[in-house]
Amino acid sequence: MKFACITSMHQAYFDHIGNHMIESYKTYWPKDIPLYLYAENMDYKDPSGHVITVDWNEACEKDWKTFAIKSDDSRAHRFGKKAYASMHGWRNIDADFIIWLDADMLFQKHINEEVLQKTLSDNQLVGLFDNDYQRIHRGEEPVRTKWSAESGYVIVNKKHKNFKEFVDRYQEIYDLPEKPEEITNWWDNETLMLSAKDFISEVHDLSQYRTTNKTQTPLNKCFLADYMSHFKGKSKKRREQTVFTEYTKV
């Protein structure tokens, strides 16, 4: 069973938290699980080969620009860069299971394949943190109308019979002339879940492992939190570098 990981970032992101993500990955992840870094306007080389740099501008920029002109939402533009890196990696990386890791994910403990296998089995298509538990917890409408996931950690099974169809569906959502009605925003967390909608029986909902409903980041409240944490949103921007180094111990 062969695993690989993907992330993406630009230079400013690398300078703030991305370098901590990469160094903690190199410290705590197995050496035979490479991290494919989709690097936008930055030149990073890892002499050990544990991190493999892919030029985001060459691999993704042209297609991303075609999408970006269809929306005036700056966050859709920003999150779309992640989506196009994901699609390129899913289609081109030689692995059985591919894990997307946001660039603000930091690691603090050695992880192994046994842990990763808990997030997706051989007969499942994709493992993700579905946000629908929030609707259920709030006692809202009984029929689901919104599609969203916390997408800092997403694992896909390239061997699954529906893998190509899933990726093609993801691509179709970005190829549409305008945002589909089923989602509120043209953001990767919503496009991801909408892509998985037709394969819901083959989705491993990692939110089931959360220890509380009072969180928007279930990854940080489940068994994976022993190994990693998602320093997402505005909180990471206000944090000093010492916070990152204290967490990773790197």
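**Exercise 1. Work out how helices α4 and α7 sit against each other.**

Step 1: α4 and helix α7 (residues 163-175) pack at an angle of about 150°, and their axes are 11 Å apart. Here, axes are lines fitted to C-alpha atoms, for helices over the stretch in contact, and angles run from 0 to 180 degrees between N-to-C directions. Helices (H or I, at least four residues) and strands (E, at least two) are DSSP runs, numbered from the N terminus.

Step 2: Now put a word to that angle. Under 35 degrees counts as roughly parallel, over 145 as roughly antiparallel, 65 to 115 as roughly perpendicular, and the rest as oblique. α4 and α7 are therefore roughly antiparallel to each other.

Step 3: The crossing of α4 and α7 is left-handed, meaning the near helix is turned anticlockwise from the far one by less than a right angle (clockwise would be right-handed).

Step 4: Find the residues that meet. On the α4 side they include G80, Y84 and W90, and on the α7 side they include F163, F166 and Y170. Contact means heavy atoms within 4.5 Å.

A word on the ground rules: this is a predicted model, where local features need pLDDT of at least 70, side-chain atom pairs count only at pLDDT 80 or more, and totals for chains, interfaces and linings use all residues. Residues are numbered from 1 along each chain as its sequence is written, and side-chain values use heavy atoms, with hydrogens and water left out.

**Exercise 2. Is strand β7 enclosed or open to the outside?**

Step 1: Set the cut-offs. Buried means under 20% relative accessible area, exposed over 50%, and partly exposed in between (1.4 Å probe, protein chains only).

Step 2: Count. Nine of the nine residues of β7 (residues 149-157) are buried, so β7 is largely enclosed by the rest of the structure.

**Exercise 3. Describe the setting of S71.**

Step 1: Judge its accessibility. S71 is at 14%, so S71 counts as buried.

Step 2: Leaving out residues up to four places away in sequence, S71 touches A76, H77 and W186. Its side chain also reaches the backbone nitrogen of D73 at 3.1 Å.

**Exercise 4. Which way does phi go at N41?**

Step 1: Phi of N41 is near 55°, a positive value in a residue other than glycine.

Step 2: N41 lies in the loop between β2 (35-40) and β3, and is exposed, at a relative accessible area of 58%.

Definitions and conventions. Polar contact = N/O pair within 3.5 Å; in protein donor to acceptor, adjacent residues only side chain to side chain.
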